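Here are my notes on the model you sent over, as numbered points. Have the structure open while you read.

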Amino acid sequence: MLPMAQFTCTGCGDCCRGFAREAPEWEPETGPVLRLSSEPGLPLLSWEWQRLRRLAQQRGIAPDVQAFDGVLDEPARRIVVLSYRLAALECPFLEAKPDLEPGPRSTQWGFARGGVCGIYEHRPLACRAYPLVPLRNGIALSLHCPELLDADDARPAELDRVYGDSAASAQAFRAAPNIAVRMLHALEARGAVRIAREAGPLRDAARAWPRVDLCDLSAEHGMETWEELELRARRA
Ligand code: SF4
Ligand code: SF4
C-alpha cells in the first residue's frame, strides 16, 4: 500500500488514452440545456475549444470534436453551443515519447506506452484536474489512474494538500458553468440573444437549428474574448 501523502503523476499517459471512461460533468443552470451529442470524451469548454482549434490547425491535425450542449436562442432559431467533447479515446495531442518509461502499474489497462502532452501549457481544465474528476455534486477520484489503484488513503480529507494544482483545477472546472451563464446573461442584456426558458416542443426541432459558439457570439458583440474567458475560468 502506498501512503498518499502527496499524489505524484508518473506521466504514464493512461488518462490521455481513456478520458471517455470517466468524463467530468458540467451543468450550467440557465434555461433548458440541450444535449447535442451522446459521445463521451474529453470535455472542452467553449473557450478551451477556441484555443485547441488553433493549436490543432498549427499542428495540421483535425481532432474529432463535437458540440456537446447548448441553449436555445429562440427568436434567432439557433443554438448557442456551450461545450464540446473531444470524441477520441486517445487524445490526438498526446505525443509518443519512446524514451519515457511507463509507470510500473500502467500495464494493467493495456496502455503501457508512455506519452507526453504536446500542448501541456494549454491543456484543458479537465486534464489539469486529473486524477480528480469534477462532478456535479463534488469531486471524485479517477478509477483508472494507475497511481491511485494501490493507494491506501486515495481519498484524503485534504484534497488540496495531496493533489495540489489538480484540486484547484477541479474546483475551477466546477465553477466554469457560472462563467458561461454570466456570459449568456450579459448577451441577453445587450439584446444579442434570448434564451428559451422552456424548451418543450422545440427540443426535437431545434436539433437541426444552426449553431453558434458562445465565445464567437461574445466576440461579435465586443464582449470578453475567449482568451479572457479562459483566464477567468482558470482563476475561478
Ligand atoms: S493516469 Fe495518472 S499517473 Fe498516468 S499520466 Fe494520468 S494522472 Fe498521471
Ligand atoms: S490535451 Fe494533453 S493532457 Fe489533455 S488528454 Fe490531450 S494529451 Fe492528455
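1. Ground rules and overall make-up. What percentage of the 236 residues of the protein count as buried? The figure is 38%, where buried takes 20 or more other C-beta atoms within 10 Å of a residue's own, exposed takes 12 or fewer, partly exposed is in between, and C-beta atoms are placed from the backbone. Bear in mind that this is a predicted model: local features need pLDDT of at least 70, side-chain atom pairs count only at pLDDT 80 or more, and totals for chains, interfaces and linings use all residues. Residues are numbered from 1 along each chain as its sequence is written, with chains lettered from A and ligands numbered from 1 in the order in which they are written.

2. Secondary structure and contacts. I count along with the assignment here: 7 helices and 9 strands. These are DSSP runs numbered from the N terminus, with helices being H or I of at least four residues and strands being E of at least two. Take the contacts in the protein with a separation of 6 or more: 75% of them involve residues 24 or more positions apart. A contact here is two C-beta atoms, placed from the backbone, within 7 Å.

3. The core. The largest nonpolar core has 53 residues, and Leu44, Val80, Ala176, Leu214 and Ala233 have the most contacts inside it. Helix α4 supplies the largest share of this core, 9 residues. By nonpolar core I mean a set of buried Ala, Val, Leu, Ile, Met, Phe, Trp, Tyr and Cys residues joined through C-beta atoms within 7 Å. In soluble globular proteins, nonpolar side chains tend to be buried together. For Val80, the contacts beyond four places in sequence are Gly70, Val71, Asp73, Val193, Val212, Leu214 and Leu217.

4. Helix α4. This one covers residues 165-189, and its end C-alpha atoms are 35 Å apart, which agrees with the 36 Å that 25 residues should span at 1.5 Å a residue. The expected span is 1.5 Å times one less than the number of residues. Do look at Ala175, though: a kink of about 35° lies there, shortly before the proline Pro177. The bend is the angle between axes fitted to the seven residues ending at a residue and the seven starting there. Just after α4, Gly191 takes a positive phi of about 75°.

5. Helix α1 and Trp47. Helix α1 (residues 46-59) reaches 20 Å from its first C-alpha to its last, close to the 20 Å expected for its 14 residues. Its buried residues are Ser46, Trp47, Glu48, Trp49, Gln50 and Leu52. Trp47 counts as buried because it has 29 C-beta neighbours inside 10 Å. Not counting residues up to four places away in sequence, Trp47 touches Cys215, Trp226, Leu229, Glu230 and Ala233. Just after α1, Gly60 has a positive phi of about 70°.

6. Arg77 and Arg78. Arg77 sits in the loop between β3 (65-73) and β4, and has a positive phi of about 50° although it is not a glycine. With 13 C-beta neighbours inside 10 Å, Arg77 counts as partly exposed. Arg78 lies in strand β4 and is partly exposed too, with 17 such neighbours. Leaving out residues up to four places away, Arg78 touches Asp73, Trp209, Pro210, Arg211 and Val212.

7. A cis proline. The peptide bond from Tyr130 to Pro131 is cis, with omega near 10°. Pro131 is in the loop between α2 (125-129) and β7 (132-135).

8. The ligands. Around ligand 1 there are 13 residues, of which Cys9, Cys12, Asp14, Cys15 and Cys145 come nearest. A residue is near a molecule if its C-beta atom, placed from the backbone, lies within 6 Å of it. That shell has 7 nonpolar, 4 polar and 2 charged residues. Ala, Val, Leu, Ile, Met, Phe, Trp, Tyr, Cys and Pro count as nonpolar, Asp, Glu, Lys and Arg as charged, and the others, Gly among them, as polar. Ligand 2 has Cys16, Phe19, Leu42, Cys91, Phe93, Leu94, Cys117, Ile119, Arg123 and Cys127 around it, dividing into 9 nonpolar, no polar and 1 charged.
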